[in-house]
Structures are given as structure tokens and as C-alpha cells.
Amino acid sequence: MSWPTFWLKADWRSTLLKPLSWLVCREATRRLQRFRLNPPISPGLVILVGNIVVGGTGKTPFIVWLVQRLVHRGYNVGVIASGYGGQAKTWPQQVNADSDATLVGDEPVLLARALGCPVIASPKRAEAMAMMFKHHHLDIVISDDGLQHYALARDIELIMLDATRPNQGLGNGLCLPAGPLREPASRLSEVDFVIFNGERPAELDFNAPCVGQMQLQPVRFVNLLNPRIEYDLGAFSGQQGYAVAGIGHPERFYSTLKSLSIQPLPLDFSDHHAFSASDFNTLDTKKPLFMTTKDAVKCNLFAKDNWWVLEINPICDCAFENALMLKVRQAVNTKKSKN
């Protein structure tokens, strides 16, 4: 979601909302303390990739990177997600590459297509995890978000921040509704890892055991109607085209297109928007249309021949990767010794 201006820099509106913000902070702290006293336990290792702020920070591409690195090291991995926006009548739902995103949510389908590993979605992530361990023999389960979902067990907590946002991704530093924080910024000092989507700030206002960075590297354009058609990154240089964004932070997508010398005509939709053909009826069909992989999974049925998906490759710094993989190896061994 796009943040209101007073979430970026505090003004009279955030001051007016501070009493509500204090209540949110206090309740978040109370819930965390209660969780720490009696944390739930899982039969396998759970890595939670979460948010401390409202809106997108790049969790989905990071999870793609993380699962690929873990599988490369020989681990059996599954992913659970909330299925946000999904309209299924029953949950949990096993998600496959050909699942209907309108039923199970866009992000689970994207992850299933990108990874080929077990993916289960449910608004109650603890139920998704129980189903995952019941039906699949796994070493590790990755939870897509759910940091504040304290019914969910977790062994390693990782928070993602968007480096393009002000104040190290924290905006004005206030809790909802005065600011973008779901819980106090002090939470950053309590998790195992913090990773920035983009350039890591030179100085940090919090202490975390390990802080890394992820870069999203554009790779190619793939035709949505016929994925066998691929163009290199310079194929649309100097051209004007529609840029569809139903994601949490669309400005990053627009900036990437501009870096490829494309003149984007932004088409903003709400995060997780359920696209239909009518959303595009008034567009000039002669102009190319660009979208992210997350939005593309909901547009296959009515795609046109000049619609293109910008594929990206997430890359994390080596020091962060080494620290994370060491933590994972130690945690897996500890889990196995207890079982």
C-alpha cells in the first residue's frame, strides 16, 4: 500500500493520532510478552519472514531466494502463507502452480510456480503449518509473514525493511494509525536477522544480531500470453508503456522500469487487487503493458499479446547468507536432537 505523507514524516495528523498509536504499541508489547512466556512448539524448524511495517517490503522475492539456497544445501523445505485475498470457502488449502489465485491468494500461487515445493495457505498460519508437517516430510517450513501471529511457532525470526523508505524503512517511527509500524521499533533488536530490500543504511538506530541486504536484479521480459517468448532488458528502451502495480510499494517497480529507459504510465491498484479484464478495457492496445510476477498470476486468462512480465533475480550479500545458513544448520541439528 502507498503510505500517507504523515507516515513518511510526522506532522499534525500523526500528533493527533498518537494516543491511539500508544495503545497499539502497548497491546503489541503485551502480546509479545505473553508469547515469550509460553511459545508454541513445532515438530520441525520454522523460519518466519515478517514485517514490522504496513505494506510491501520484498518478502516474496526474498523467500524465493531463501528456499532456493536451502534446497541447494539439501534441505526439504515447504512454505506457508495467509492466502490473503483468497476466496476459498475452506482452509487450509494446498497450493499448486496451476491453483486459482482468486481462491488461494496471489503470493502462494507465485511461490508454488517459482519454487515447486509444497505450499499451503490459510488465514490461520498455525493450521497451515500443522497440515504441512502432517502431509510432507520436511526439514524446514518458511512462513510468509505472520510476525504478529503468535499462535504460530517459530525458531528463527527475520524482518524485512524497504531501504527506499525514509528513516531506515520505518517512516516516522510511530505505530498505527499515527505511523506505519505494526509494533514498536524496539522489536528489531529482538529478532535474529534484519534484511534491507535495497542498499543497507550506513548507520543503524537499532541493534540486531545480523543485518544484511537484498538487491532485486532485473533479468528479462517474458510474454504473459506465451511464456516461451522472452526479450532482453533493452527491448523496450525509449518506449512508453503501461505499468500495472497491485503491490505494496509500486514506486520500486516504476523506478526499475525507468532504469531500463522505459517511460512508465503508472496504473495503481490496491495491494492484492483481484484483476479482471474490465480493468484494462480503456487502454491503448498498441502500447506494451508491464507487470510484476505477483500481479501476472491473476491475469493469465485475459492477457494480451503485448503484456510483459518483468522477471527479477533476488541477490543477498554473502556475509548475511553465511550467518543465516549457520544459524539454520545449528537450529536444524538442535531440533533433530530434541526429536
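Predicted model: local features only at pLDDT ≥ 70, side-chain atom pairs only at ≥ 80, totals over all residues.

Visitor: Is cysteine 316 buried or exposed, and what about cysteine 318, buried or exposed?

Guide: Buried means under 20% relative accessible area, exposed over 50%, and partly exposed in between (1.4 Å probe, protein chains only). Cysteine 316 has 8% relative accessibility and therefore counts as buried. Cysteine 318, at 57%, counts as exposed.

Visitor: How many disulfides does the rule give, and which cysteines are joined?

Guide: The rule gives one disulfide. Cysteine 25 is joined to cysteine 175, with an S to S distance of 2.5 Å. The two cysteines sit in distant parts of the chain, 150 residues apart: cysteine 25 in helix H3 (residues 18-37), cysteine 175 in the loop between strand E6 (156-162) and strand E7 (193-197). Both cysteine 25 and cysteine 175 are buried. Helices (H or I, at least four residues) and strands (E, at least two) are DSSP runs, numbered from the N terminus.

Visitor: Why is the disulfide of cysteine 25 and cysteine 175 called right-handed?

Guide: The torsion about its S-S bond is about 105 degrees, so the disulfide is right-handed.

Visitor: What makes E7 largely enclosed by the rest of the structure?

Guide: Five of the five residues of E7 are buried, so the strand is largely enclosed. Phe193, Ile195 and Asn197 point one way, Val194 and Phe196 the other way, and all are buried. In a regular strand the side chains alternate between the two faces of the sheet.

Visitor: How do you know that E6 and E7 pair?

Guide: Two strands pair if DSSP finds at least two bridges between them. E6 and E7 have five, in the parallel sense, with isoleucine 159 opposite valine 194 in E7. E7 also pairs with strand E8 (residues 211-223), parallel again, over four bridges. There, the bridge partner of phenylalanine 196 is glutamine 213.

Visitor: Why is strand E10 (residues 240-245) called largely enclosed?

Guide: Five of its six residues are buried, so E10 is largely enclosed by the rest of the structure. The chain goes from E10 through helix H8 (residues 250-259) to E11, a right-handed β-α-β crossover. A crossover is right-handed if, with the strands pointing away from the viewer, the path from the first strand over the helix to the second runs clockwise. E10 and E11 (residues 263-268) pair in the parallel sense over six bridges, and valine 244 stands opposite leucine 267. Three bridges join E10 to strand E12 (residues 289-291), also parallel, with tyrosine 242 opposite leucine 289.

Visitor: What makes helix H6 (residues 106-115) largely enclosed?

Guide: Eight of the 10 residues of H6 are buried, so the helix is largely enclosed by the rest of the structure. Among them are Asp106, Glu107 and Leu115. H6 is followed by glycine 116, whose phi is positive, near 70 degrees.

Visitor: Why is aspartate 145 called buried?

Guide: Its relative accessible area is 12%, and aspartate 145 is therefore buried. Aspartate 145 lies in the loop between strand E5 (140-144) and E6.

Visitor: What joins the side chains of aspartate 145 and arginine 182?

Guide: A polar contact of 3.4 Å joins them. A polar contact is a pair of N or O atoms within 3.5 Å; within protein, one must be able to donate a hydrogen and the other to accept it, and residues adjacent in sequence count only if both atoms are side-chain atoms.

Visitor: How many helices and strands does the protein have, and why is the protein called as compact as a globular protein of that length?

Guide: The protein has 10 helices and 13 strands. Its radius of gyration is 20 Å, close to the 20 Å that the globule rule gives for 339 residues, so the protein is as compact as a globular protein of that length. The radius is taken over C-alpha atoms, and the rule is 2.2 Å times the number of residues to the power 0.38.

Key:
Residues numbered from 1 in each chain as written. Heavy atoms only, no water. Disulfide = S-S within 2.5 Å.
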